[in-house]
Amino acid sequence: EAVRAALGLPAADFVILMVGIIRGVKRHAVALRALQRLLPDLPHARLVLAGDGPIRPGIERLAAELNLAGRVQFLGFRNDVADLMGASDLLLLTSQSEGVPQAVTQALGLGLPVVATRVGGVPELILHERTGLLIPPEDPEAAAVAILRCAREPEAARRLGRAGREHALAHFSLKAMLDKVERLCLHLLSEKKRAPV
């Protein structure tokens with residue numbers, strides 16, 4: 001509530017957060033077009049962009065051209081991403097290419113529902129319909145439909161968030177990663193001991 005108040009976000013708004021450098025591969029334009037499609041059905045939706053980057057002026061112009069200026073908030077670089085996630089209803093990722101995106105991992109770890117494109121390593125984090133919702137890249141309509149579903153079915157969205165958190169903690173937390181490395185080292189050591197000299 002305090003973070004929302006500081007950002008001027010009404011309590012009733014459905015806050016969609018994007019976190020990352022504003023550059024072409026992140027496809028912020030797809031997110032803006034999804035928001036435009038979403039607003040007739042979800043007029044209290046707001047897109048909050050945390051991050052800065054080389055194409056920010058162009059994305060700001062596109063928001064104005066799509067008549068979204070009052071529904072999109074450009075925050076620039078932030079070092080309080082966890083707080084922003086805590087003040088949001090959903091994390092959106094519209095990238096056309098990714099490795100294993102930190103923003104998605106962080107959102108899952110906090111139990112925040114995620115809608116993300118099915119690219120790169122994202123399907124390792126988001127198991128469709130179980131730990132979040134996957135959408136095709138370059139598809140504003142699919143993004144709008146998935147976001148609207150989360151807004152209209154808040155309990156289902158909370159279930160996705162809880163399952164996402166369990167999945168992230170089990171497979172992508174520091175402890176889980178250290179356990180995997182330790183198991184790998186022990187396995188390699190046992191293989192070396194068994195190998196002929």
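## Close-up views of a predicted model

Among contacts in the protein (heavy atoms within 4.5 Å) between residues at least 6 apart in sequence, 65% join residues at least 24 apart. This is a predicted model, in which local features need pLDDT of at least 70 and side-chain atom pairs count only at pLDDT 80 or more, while totals for chains, interfaces and linings use all residues. Residues are numbered from 1 along each chain as its sequence is written, and side-chain values use heavy atoms, with hydrogens and water left out.

View 1. Helices (H or I, at least four residues) and strands (E, at least two) are DSSP runs, numbered from the N terminus. Taken along the principal axes, the C-alpha atoms fill a box of roughly 70 × 35 × 30 Å. Of the 197 residues, 47% are buried; here buried means under 20% relative accessible area, exposed means over 50%, and partly exposed lies in between (1.4 Å probe, protein chains only).

**View 2. Here 6 strands form an open sheet with parallel pairing.** Reading across, the order is β3-β2-β1-β4-β5-β6. Two strands pair if DSSP finds at least two bridges between them. β3 (72–76) and β6 stand at the edges with a single partner strand each, so one side of each is left without a neighbour in the sheet. From one strand to the next, the twist averages 25°. For orientation, strands of a sheet pair through backbone hydrogen bonds, either parallel or antiparallel.

**View 3. Step inside the sheet to meet β1 (residues 14–19) and its pairing with β4 (residues 90–93).** β1 and β4 pair in the parallel sense over 2 bridges, whereas β1 and β2 pair, also in the parallel sense, over 6 bridges. Ile-16 is a handy landmark: its bridge partner in β4 is Leu-90, and its bridge partner in β2 is Leu-47.

**View 4. Strand β2 is mostly covered, with 6 of its 6 residues buried.** Look at both faces of β2: Ala-45, Leu-47 and Leu-49 are buried on one side, and Arg-46, Val-48 and Ala-50 are buried on the other. Helix α3 (residues 56–65) lies across β2 (45–50) and β3, running at about 165° to β3. Axes are lines fitted to C-alpha atoms, for helices over the stretch in contact, and angles run from 0 to 180 degrees between N-to-C directions.

**View 5. Helix α8 (residues 154–171) has 18 residues.** From its first C-alpha to its last, α8 reaches 25 Å, close to the 26 Å expected at 1.5 Å a residue; the expected span is 1.5 Å times one less than the number of residues. Ala-157, Leu-160, Gly-161, Gly-164, His-167 and Ala-168 are the buried residues of α8. Seen down the helix axis, the buried residues of α8 fall within an arc of 130°, so they line one face of the helix. That arc is taken from the directions from the helix axis to the C-beta atoms. The buried residues of α8 pack against α5 (102–109), α6 (122–125), β6 (133–135) and α7 (140–152).

**View 6. α5 and α8 pack at an angle of about 110°, with their axes 7 Å apart.** The two helices are therefore roughly perpendicular to each other, a label for angles of 65 to 115 degrees, with those under 35 counted as roughly parallel, those over 145 as roughly antiparallel and the rest as oblique. Thr-105, Leu-108 and Gly-109 of α5 make the contact with Gly-161, Gly-164, Arg-165 and Ala-168 of α8.

**View 7. Glu-124 is found in helix α6.** Glu-124 is partly exposed, with a relative accessible area of 48%. Not counting residues up to four places away in sequence, Glu-124 touches His-167 and Phe-172.

View 8. Gly-120 counts as exposed at 59% relative accessibility. The C-alpha atoms of Gly-120 and Gly-99 are separated by 5.2 Å, although these residues are 21 apart along the chain. Arg-27, in the loop between β1 and α2 (28–38), has a positive phi of about 55° although it is not a glycine. Glu-138, in the loop between β6 and α7, also has a positive phi, near 60°. By way of background, most residues other than glycine have a negative phi.
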